[in-house]
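User: Could you take a close look at the salt bridges of this structure and explain to me, step by step, which parts of the chain they join?

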Amino acid sequence: MIPLFDYMNIDSSIIIEKKLRKGQMVVDTINGQEYVGIITKGCIDVYSVALDGRELKLSTLHQDDMFGICNLYVKNDLETVLKASQPTIVRFIPKAYLKQALATNPKILESYLVLCNTKIQFLLRRIEELTMQSSSDRILMYLETHAGKDGKVEMSITREELATQLGISKSTLYRQFARYKNENMIYTNHSDIYIRREIK
């Protein structure tokens, strides 16, 4: 089920299988050796740890998903925490074994690059989602504080300048405006923006 292994004949003697209980932390180092984990049953939640120690859930890994795969060539640990969200079974393959396979088979290398690109795209989308959650509050606050009694927002700057002022991208600003209109939170008249007073 995993394209990366389509061209590999993995020796079963190098695989380590572990059963994890719900809530158990997951690591990719066993007896000093680094491994890639493959979930064969259950789920694992992935968290990012903020500077203040808070854990922010990034994603959930399911059967046939892997972890520890994106830092094969980087010595630094990824700043993430993995926890089994239910009883889970993971099979571990040594990273050294995978690196050797990547070095000798171009098709395996291509599958690995596709995998890494897919994960990068997912993280970029996730970052955008998290950014939009905070940017929404900033945009709504601006609209409310610049709206007159009739709800018309007095904008002395362009929308592009507003995006810069709020520290968000233009695309994020326009997507938020489109969402507000769809949810009937604002409406427009030509280039003017009006808010409905019930928005918070």
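This is a predicted model: local features need pLDDT of at least 70, side-chain atom pairs count only at pLDDT 80 or more; totals for chains, interfaces and linings use all residues.

Asp192 belongs to strand 11 (residues 192-195), while Lys152 sits in the loop between helix 2 (106-145) and helix 3 (159-166), so the pair ties together parts that are 40 residues apart in sequence. Asp192 has a relative accessibility of 27% and therefore counts as partly exposed, and Lys152, at 22%, also counts as partly exposed.

This pair is one of the 4 salt bridges that the structure holds. Another is formed by Lys95 with Asp28, where the closest N and O atoms are 3.4 Å apart. Here, too, distant parts of the chain are linked, since Lys95 lies in helix 1 (residues 95-104) and Asp28 in the loop between strand 2 and strand 3 (29-30), 67 residues apart. Both Lys95 and Asp28 are buried, which means that each has under 20% relative accessible area.

A further salt bridge joins the side chains of Arg179 and Glu183, at 3.2 Å from N to O. Arg179 counts as partly exposed because its relative accessibility is 31%, and Glu183 counts as partly exposed at 43%.

Technical notes: Residues are numbered from 1 along each chain as its sequence is written. Side-chain values use heavy atoms; hydrogens and water are left out. Helices (H or I, at least four residues) and strands (E, at least two) are DSSP runs, numbered from the N terminus. Buried means under 20% relative accessible area, exposed over 50%, partly exposed in between (1.4 Å probe, protein chains only).
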